[in-house]
Each structure stands twice: as C-alpha cells, then as structure tokens.
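Subject: Structure handover

Hello,

Here is the structure you wanted to look at. My notes on what I found in it follow below.

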Amino acid sequence: MKKILIAGEGGQGAQSIAEILALAAHKADLKTSYIPNFGVEQRGGVSLAFVQISNDPINYPKFDRADILLIMCNRAVSVVKEFIGENTLVIFDGSFVSDDKLQELQGVVKSYLSLPAKNIAQEKFGLKSTNMLFLGAIYHEVLEIPKEMISTAINEKFAAYPEFQQNNKKAFEAGLQYATSKPDQQFKGRQKQEVKTVYEDDQKSWERFPQYCKGCMLCAVRCPKNAITMGKDLNFLGTQMPEVDIEKCIACGKCMEICPDGAIKLEKH
Amino acid sequence: MAKQLLTGNEVLVRGALASGAKFLSGYPITPTTEILKYWADEKVKTPELIFLQVEDEMAAGFAMIGAVLAGTKAFTASAGPGNVLMQDPLSMAESLRLPTVTFIMQRGGPSTGTVIYSQQEVNLTCFGGNGEGLRIVYSTSNIQDLYDYAIKAFNTAWKYRFPTFILGDGYQSKQLSQVDIYDPTAQGIELVDATPYLLKPHREAGHYVNLRDTYNLEDELSALILQQKKVFDEISPEIIEFEDIHTLDAEVVIFAHGIVAAVVKDAQEEMRKEGLKVGLFRPITLSPFPRESARQVIKNKKAILVAESSLGQFANLVKSQICGDTPFRIARIANPAHAVSKESIISKVKELLKG
Amino acid sequence: MENLPKSWKKSALPHKFCSGCGQALALKILGFAIDELNIQDKAVYGSDIGCSLLSWNMFDVDTVQTHHGRATPTMVGLKRAKPEVIAIAFMGDGGGYAIGAQHLINSCLRDDKITVILINNANYAMTGGQMAPTTLVDEKTTTTPAGRKISEFGRPIHGPEMLATIAAPGAYMARCTSDDFETTKNYIKNALVNQIEGKGFSFVEILSMCPVNWKTNAQQSIDFIEEMKKTFPLGEIKVSKDVV
C-alpha cells in the first residue's frame, strides 16, 4: 500500500498528477483511490490530492501519514506538516519552495528528494509541464505500476491536447531519471532572489510587483507600443512576469489600468 | 391594567413593538399573514417603523439580516413551506451568530399540508438549515406567552447573539383571547440595546469589518463551530426555561410542549381530582433543552408519556436529551398535524398506571 | 494615478482571483470609484457566492459575504434600516440572473436605492465553468459540451434591458467591459451617484474575462470579450430622468 499526498497551489497541476497515478494503477489492475481536497478558489489556495495504490481493498480515501509527500509551493508547507511521519519521503521543488518555508520542516523530514522541477521545466519542457517532472519522481517509488500504464494514462489525460502528450512524457522521464540518479541533494529551498522591479529613464519609471503579479500578460496585450514582453523572472506564483523596454514605453498607463492585480505602477517624472 | 382582547398574531406584533423592534420583512403565508398586516397598520401611525413585504421568504430572511447588521431590531414571521425557505437565511444567521428574531407558527406539513396547525416544525426550527442547531427556541403555550416571550426573544437575541425563535402554531396565531399588554420597563424588564455589526459609529479610523461565512479548509470551520458551541453551552443555564407541575409525587410524567402542554394541564387537573398521580414536564426552551431538570424529573417514575402533534419530532428531542436515564417505558401520543385531545391523554395515562 | 485603490485592503494582497481575471479588474475599478467619491466610510459592500466571495476581505470598507443570489435582499434590508448607507450588492451572472433573479427584479420594481454590480463572464466560474444564463449561443461549457442550443436552454439573458422595462424613472442601468477602465469607472460612479442622490435603483453589468474557464490567454480573453459585445450591447441603457 502506497499513500501519496500531493500539495500545490491551485493551478500547479497537483490534481492532474493524482489522476494520472490513479488511472495508471487502475489499468495495472491495482486497487486505487484518489480524493481531492481544496477550498473554494479556482486558482491560488492550497490544492491537496490524496492517492492510495494497493493490492488490498482501500476503505477510506484519506490517511494520517503519507508514504510519499510532494510539496510544490510555499503555502502547502504548513498544511502538510501533520502528514509527515518517520518513513515519509518528502519530495520538494528546491528551485521554487522558499528556503525559510522549507526550514519549518527541519527535523521533521527524515528522508527527502530535492527536485528543481521549475528550473528544469522552464529550461527544457515549458513551465506547464513542471508537474510531469514530479510525476516521474513519484513514480520512482511506485514501480509496481508498469511504466506503459503511466504512458497510457498521460495520453488519456491529455487526449484533448495531443501536442502536449509527447512533451509531458519527456518531462515525466526526466523526473524519473532525476529521482534515480539523485544529484545535488540538499535540504535547501530557494533563496530570496533580488529581481529587478523598476525600469526607468528621465521621463518615467515603470515598476512591477512580483508579490502581486500573476503573469496574465494583459499588460502586454494592451500596450500600444508593444513595449511589454514576457520576461524570465518569476512572480510569487512561479509564473513568468512581464518586463518593459523603457525606451519604447510612452507612459500611457494602459498597462497599469488593465492589470487585475495592481502589479504595475507607472509614474511620470 | 385591564386585559385586551386580541388575536395571537396581533399580540406578537405588540410584543415586538414593546421590545423596540423597528423592522419587519415578510411574505404572506397562513397563519402568520396578519402579522404583516398589523405591522403595516402600525407603520401608518408610526412612520419610522420599517416594513418590507418582499418577494419570498428568502428575501424576507436576508433583508432581516441586513437590518440586523445595521443595528436595528428586526424580525420576520413564517410557517410551513415558508419556514422551509427561511432556512437559507437562517443558516447564515447561525453562522454569523446574528440576533435575528423569527416567529414560527406551525401548520400541517410536509409541503402545503394544512394552513391550520401542527407541531411538525420542531426539527426545522431547532435544527433546520445545514448547521448544528445553535439556536434559541421558545415554545409558547398560550396567548400571554406570545407577548411575554416576544419581548424575551428580542432581549435574548441581542444579549446572547444567537438566532432566536418563537415556536407557536396556527391555533395560537388565530386565537382571540385576553392578554395583558404591559409596558415591559414598567414591569422592571430592561430592554437590551441593539448595536450594529457594520458601520459602527465609534470605530477606529482605518478599521473595517469584513464578515464572511465561507471557510477554506475543514479546520477553520470546525474550530469555529466548536467555539460557538462552547459559548452556547456556557450561556444555556441563563436561558433555559421549563414548567414542572406536580412531577414530584407523580407515577407518570407527561412531556409536552407548546399548546399541547396546555391541554395536558386540563387533563392533569381532572386526573388529579380523581387521585391519579400524574405530572407534567413542559420544556419552554426546546433549545437549549432543560436536560438536567428533565433527567431529575424522570427518576423513579413508572412511565413517561410524550404527547405531541407530530409523528415524533418532540419525542426524538426528549429521548436524545434523557437517553441513558430511562430504564423504563416511554409511551407516546403522536398525532401528526392533529390536535391532542384531553380524553386521549387521560385514557393513556390510566393505561400506564395500570400496568 | 495609483496602481491600487486606497479602499483596497493591502494586507489581504495578493488577492485570490485567477491570473487575468476580469472580475478582479472590475473590483479594482470599483475601488477607485469608491476612492473618488470618498464613500469608503459610508459604503457597505455585500458579495454573493461564486468567485465574488473571494472579495470578502478585499476592501477597507465594511463588507458582508452573503448567500448565493442573496446579496441584493441583504443590501435592501440594510439600506431600509439605514438609508444613509451606500449599499453595494456585488454578484455574478448566476447570482444575479438565476438563483437571485427574483430579488433583482423585485428590488428594481420597488426602486430600492441600492447599487447592483453584476459580473457577466458567461459561465459559472467558481464551480468550474457550467452554463450560466448569459452563456452565448453555441458556447461550450461543462454542462453544454456540444454548445448552448436555443432549443434546449433558450437564449442568453439581457439583464439591464429586462430591468429597464420595469424600472422607475430615477433608475440607472448600464453595461460595459472590465477591460475598458475609463468607461467602467464612469458607469460605476454614475450608478453610485444615482444612489447617493437618492434618485433610484442603479445597476451596472460588466462583461469580464474568465481565462481559466474560457481556456484563453490574454489576447484570446480580450477577443472573447469582443465576441460577447455582439450579444450584449454596451452603453447606458437607462439613465435617470429627473425625479419629481
């Protein structure tokens, strides 16, 4: 019996990982159960998935301690602490979960796998496939499921988006590889990063707020001069933030107007 | 002071006015419809009163909530299918512990049933909605009760901040009889002040109130409910009321509430004259229930008899409260939506005493 | 100009609305309207369920989150009890046009002096994208996987137009899009001033982006708003006539 708890932000794909695992287990003729547990928000807010895979009948969909616990974001840390036992393997995204948050689990976590999934995804597969890397790492602990079943499950889950199927399977393999070879293991999270927030010249300053920005890019769409593009830096949600070419910017303020999060501030000097 | 000849519905309105109530929102439904009428008439004389006949009972309940949030003593009245719809706003009142006052005058159910009478809204009034029954419910027995407990309901609501109810019935609504309409302050009853929840007059600058009744994960809600229950249990001794008539030497004790307790009193008088040892335990507050007193009263009795105009809503409540203390028989008179007659009480008690 | 309204509660940021959400944008504009009219300490904001409940602590304004469809009657009761309050009822297309339709209609009929702001994103967003009364013909949602068919579920509702037929002379009704900052702010201010001046019931419907359930990126979201305009005309559908 494997008890797997997956915790992420709404929108990070925690539930997708769970669905694929349960589907694959089912196809492998194992007993399985999956229950989502989250609050009201469509996005944002902690999203939990309880998955069980077993040879024996499963009576109850939740459990007290996880065998495998995946932590994908900061907000999940305090919520999942109670599920960590002596034998829990904690998998976390060392490139995204803040170190100060991670250290709240210092002493509680007995074994872990640090997988910089966001970094790897951003580099190789696209941020949307971050969760597939984690699927690979979890799968390393559930090898009783034949790999073809995972492959089939991924295909089924993304049947409506065939262009993503291959990419997701590659990301899954990369995650599995990483969990097998376990390079650079440290119980360390992301350090506070200094990110450029102000872009300015003599006439104006354009400021972005990583703690508010959600990466929707409405600002880029609305900019009459195409001065705004998607940058590399990540916001608090872990998605890419806009950046501005301050020379092209005419300080019209349309980006500031249309931002639903108040994450852009334009000031004329 | 001379008594006045009034109907139950009118008495409820007088009680609300005497309590300082300023706001009624409601929807016409038998048998409480006249409450709207009397209040509307009153408003003609006293224009500061607020009256809203709204589109349905949900609007009535939520408008009442809006008024309560503004710090205004507000009430509504309903019955039967209207009581069903009321559970939507009353759930919110429970969640936020709002001092709403609701007059429920029971009629036959389920569905449209009859417009006349029953005691079939005990479950709905005490435990309706999707909450845990943290409500205060007074079951009135006669027309004087309607006045006394209307005043008490507003005071209890605004003092303790739980949704408060008068649970009467269609007979009480329509009965025309004599009642003492006194000035509560002249009788030494202090009226509790209403205070606003929103736009408080002396709030600190920059301090705003954001109320909600939705929580994200299980823990938050669970903790809140346990905390509310703790408060409810702490205040219960101050609120619990009951009548205990001749139970001490009784062999059979009758449990009854509301207007059925009144007919039991008649039956009891007659039986006592015959020398039969019978007592009456009448909970006045169905919630919080006078559990400790009930448990004392049933000790060493031959039998208890629960009589009600329902299949068993009151009996279930009684049983849940005295469970563990009843090694003996619990007999029943269960007349859903139908009055309980004096004769049926007497013949049942005699049967129990025999054997 | 500021990036955030003064009347937004900064300590509650970042707010819980999705990335690119038109409702959050509308709420930001409402915040600026409240600032410019200086009613932060006089207003009460009542929200519905659905995504609007995420705004429960968004404002440094007294607020109450109510039940589905019931923001309107709660604000009506509050306004009747305390007429000096500026009562704002905020809801989505489900809360306004389905479960709360009778409250909207009757409040308009009574000419209650409240301001209703309704977010039209053509679906029930919080619960994952089901059909709403405003879902477009042929639009796919989770409960209309083959597209909304007129024969099955009728046509989308035109709320402000419907209310205008029963509105009193002093009522105000308008429709705009949340990506048009200036117009939306003007219409919201007009609606609030209509209440402040005691003229009548006021109502603004705001077409808003819902990228998560529409499955659109930023440009596609704006495009869908353009598509919605073909069904839902913009403008001030009813303005206040001088009330005697």
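**Tyr117(B) and its surroundings**

The side chains of Tyr117(B) and Ser309(B) are joined by a polar contact of 2.8 Å. (A polar contact is a pair of N or O atoms within 3.5 Å; within protein, one must be able to donate a hydrogen and the other to accept it, and residues adjacent in sequence count only if both atoms are side-chain atoms.)

Two notes on the source before you read on. This is a predicted model, in which local features need pLDDT of at least 70 and side-chain atom pairs count only at pLDDT 80 or more, while totals for chains, interfaces and linings use all residues. Residues are numbered from 1 along each chain as its sequence is written, chains are lettered from A and ligands numbered from 1 in the order in which they are written, and side-chain values use heavy atoms, with hydrogens and water left out.

Back to Tyr117(B). Tyr117(B) sits in the loop between strand E5 (101-106) and helix H5 (122-127) of chain B. (Helices, H or I with at least four residues, and strands, E with at least two, are DSSP runs numbered from the N terminus.) Is Tyr117(B) buried or exposed? Tyr117(B) is buried, and its relative accessible area is 2%. (Buried means under 20% relative accessible area, exposed over 50%, partly exposed in between, with a 1.4 Å probe and protein chains only.)

Which residues does Tyr117(B) touch, not counting residues up to four places away in sequence? Among them are Gln106(B), Arg107(B), Asp169(B), Tyr171(B), Ile259(B), Ser309(B) and His338(B).

**Helix H11 of chain B**

Helix H11 (residues 313-322) of chain B is mostly covered, with 7 of its 10 residues buried. The buried ones are Gln313(B), Phe314(B), Ala315(B), Leu317(B), Val318(B), Gln321(B) and Ile322(B). Gly324(B) follows H11(B) and has a positive phi, near 95°.

**Chain C against chain B**

This contact takes 33 residues from chain C and 33 residues from chain B. The buried area is about 2,800 Å², and carbon and sulfur atoms give 57% of it. (Buried area is the accessible area, with a 1.4 Å probe, that two parts lose on being put together, summed over both.)

The interface has 2 salt bridges. (A salt bridge is a side-chain nitrogen of Lys or Arg within 4 Å of a carboxyl oxygen of Asp or Glu.) In one salt bridge, Glu55(B) pairs with Arg110(C), and the closest N and O atoms are 2.9 Å apart. There are also 20 residue pairs in polar contact between chain C and chain B, both at pLDDT 80 or more.

On the chain C side, strand E1 (43-47), strand E2 (62-65), helix H2 (71-81) and helix H4 (101-110) each supply at least two residues. H2(C) gives the largest share, 7 residues. That side of chain C divides into 13 nonpolar, 11 polar and 9 charged residues. (Ala, Val, Leu, Ile, Met, Phe, Trp, Tyr, Cys and Pro count as nonpolar, Asp, Glu, Lys and Arg as charged, and the others, Gly among them, as polar.)

**Chain B against chain A**

Here 4 residues from chain B meet 7 residues from chain A. The area buried is about 440 Å², with 47% from carbon and sulfur atoms. Asn216(B), Leu217(B) and Glu218(B) supply 83% of the area that chain B buries against chain A, more than any other three residues.

How many salt bridges are there between chain B and chain A? The count is 1. The side chains of Glu218(B) and Lys62(A) form a salt bridge, at 3.2 Å from N to O. Chain B and chain A have 2 residue pairs in polar contact, both at pLDDT 80 or more. The chain B side divides into 1 nonpolar, 2 polar and 1 charged residue.

Chain C has 9 helices and 7 strands. Of its 244 residues, 65% count as buried. Its C-alpha atoms fill a box of roughly 50 × 40 × 30 Å along the principal axes.

Chain A has 9 helices and 11 strands. Buried residues make up 54% of its 269 residues. Its C-alpha trace spans about 70 × 45 × 35 Å along the principal axes.

Best wishes

Key: Contact = heavy atoms within 4.5 Å.
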